[in-house]
Every structure is written in C-alpha cells, then in structure tokens.
Amino acid sequence: MTEGNVDSKNKVVLHVSGFGPFAGVEVNPTQILLQHLPSADEINVEEIKSCCIETSIQGVDESLAKMVAENNTHELSKHIFVHFGVNSSQTAFRLERIAWNENTFRVPDQRGQQPVKQTIEISGKPGLHSQILVDPLHHYLCCLGFPVEISHDAGRFLCNYIFYRSVARAEVSNQTTSSKNYAIFVHMPPFSAQPLEKQTVFVKELLRCIVSFCP
C-alpha cells in the first residue's frame, strides 16, 4: 500500500499505561484494566501498546524512555499517551487537566524514594496542561452516563509525576519531530466503587473519544 492510500487509522498509535502495586494498594486496578483493553480495530487505530509501570520514579523514567524510543518506528504517526492510576478514595472517573512540577510523596515509592517538595524538571513550567481538551471529553462521557469529573490536581505522587513527564516529552516531540503527540492522565476509582465490567466499557469509550478529539 502506498503512503497516499494509508487509512487514517494507520497513523494513530495509542500508548496506554497503568501502575503496579504500591504502599497500601497490593493489587492495582489499573494493572488489571490493561488486561481488558479493546483491540486496535475497535478503536480504529493502527496499534495499542500497553505497559504496566513499576510505581517508582525510576520505573516511570525507564518506561517513558522506552515508549519514546519506540516512536521512532512510527515517525509519521500520531502518538497518544493515556496514563491510568488509581485513587482509592474516589467513586467517579477523573480527567486530569494539569500536571504540576513537584514531587511530594506521602509514602515511599517501590524503590524507597520519598521526595518532598522536589522539582520534577528544574527548568520546567510550574504546571503543564494536557494536550487533549478535557472539557469536550468530559461532556461526551457524561452523556454516555459515566460519572466523570474534571480535576486540576493529580496529587504529587507518581500519577502526577508520569503526567508531567509525559506532557513535557510530548511537547518536545511536537517541536522536534513530524509526529503529533498528546498525553493525558485519568484517575480511576477502585473496583468497589465502579466494577471492572463498567470500567472496561469506560476505557473503551474514553479511548474512542480521545482518538476522535486529537486533530
């Protein structure tokens, strides 16, 4: 097939991540959700790459570096990074709008690091917005009947850390490569609040919507 005939779905690669266990969470729901992702055909994209990330600074850095390196094989593609994490105290799905340039861990990560008021990127902006517009995403998902909220605070643990790093990397890639890059973070409730079956459907609709909203 010549490049001029390539279908639009062949230019979109979804990178979906979840976290493994951490202090107080022996089984991370987002790790289980990765085993129930829809197929690339269902979302109308070329490929869906999934990754369960160790809940540590080093684990995030290593995983993101690998994701970015793999992008070199899809130079003309659109790359969308969708990161999931759990918030055990919430009952709704939370779309995070802003990542903050600070690490303050209430518990150590899986490698024993526990920074307090540590800047993530010395020369970075105080806050970075997701490249994906969360307002229309929120409206669409609410219309489907899902309990969805928009958040401006992803915390200061690994969820915020991966969000900030991912948005920052996407900005750099957009300036230095021919591909388009987007990053977003979504906090998921525990299965006790929203069962696995409902969360699986939510993820499918979320991914469909994100792909359609990324120009």
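**Legends to close-up views of a predicted model**

Of the 215 residues of the chain, 49% count as buried. The model shown in every view is a predicted one.

**View 1. The whole chain and the order of its elements.** The chain holds 6 helices and 8 strands. Read from the N terminus, these elements follow the order β-α-α-β-α-β-β-β-β-α-β-α-β-α. The radius of gyration is 17 Å, close to the 17 Å given by the globule rule for 215 residues, so the chain is as compact as a globular protein of that length. Along the principal axes, the C-alpha atoms occupy a box of roughly 50 × 40 × 30 Å. Among contacts between residues at least 6 apart in sequence, 80% link residues at least 24 apart. The accessible surface amounts to about 10,000 Å², and carbon and sulfur atoms account for 52% of this surface.

**View 2. Strand 8 and its two partner strands.** Strand 8 spans residues 180-188, and because 8 of its 9 residues are buried, the strand is largely enclosed by the rest of the structure. Strand 3 (residues 78-86) runs parallel to strand 8 and is joined to it by 9 bridges. Within this pairing, Ile80 has Tyr182 of strand 8 as its bridge partner. Strand 4 (residues 93-96) runs antiparallel to strand 8, with 3 bridges between the two. Here His187 of strand 8 stands opposite Arg94. As a general point, side chains in a regular strand alternate between the two faces of the sheet.

**View 3. Helix 3 and its buried face.** Helix 3 comprises the 14 residues 57-70 and reaches 20 Å from its first C-alpha to its last, close to the 20 Å expected at 1.5 Å a residue. The buried residues in this helix are Ile57, Gly59, Val60, Ser63, Leu64 and Met67. Seen down the helix axis, the buried residues fall within an arc of 160 degrees, and therefore line one face of helix 3. An α-helix has 3.6 residues a turn, so residues three or four places apart point the same way. The buried residues of helix 3 pack against strand 1 (12-19), strand 2 (47-53), strand 3 and helix 5 (158-176).

**View 4. Gly124 in the loop between strands 5 and 6.** Gly124 lies in the loop that connects strand 5 (98-100) with strand 6 (127-129). Its relative accessible area is 23%, which makes Gly124 partly exposed. Leaving aside residues up to four places away in sequence, Gly124 touches Asn101 and Tyr164. Gly124 and Tyr164 are 40 residues apart along the chain, and their C-alpha atoms are separated by 9.5 Å.

Key
Residues are numbered from 1 along each chain as its sequence is written. This is a predicted model: local features need pLDDT of at least 70, side-chain atom pairs count only at pLDDT 80 or more; totals for chains, interfaces and linings use all residues. Side-chain values use heavy atoms; hydrogens and water are left out. Buried means under 20% relative accessible area, exposed over 50%, partly exposed in between (1.4 Å probe, protein chains only). Helices (H or I, at least four residues) and strands (E, at least two) are DSSP runs, numbered from the N terminus. Two strands pair if DSSP finds at least two bridges between them. Contact means heavy atoms within 4.5 Å. The expected span of a helix is 1.5 Å times one less than its number of residues. The arc is that of the directions from the helix axis to the C-beta atoms. The radius of gyration is taken over C-alpha atoms; the globule rule is 2.2 Å times the number of residues to the power 0.38. Accessible areas come from the Shrake-Rupley method with a 1.4 Å probe; for residues, only the protein chains shown count as cover.
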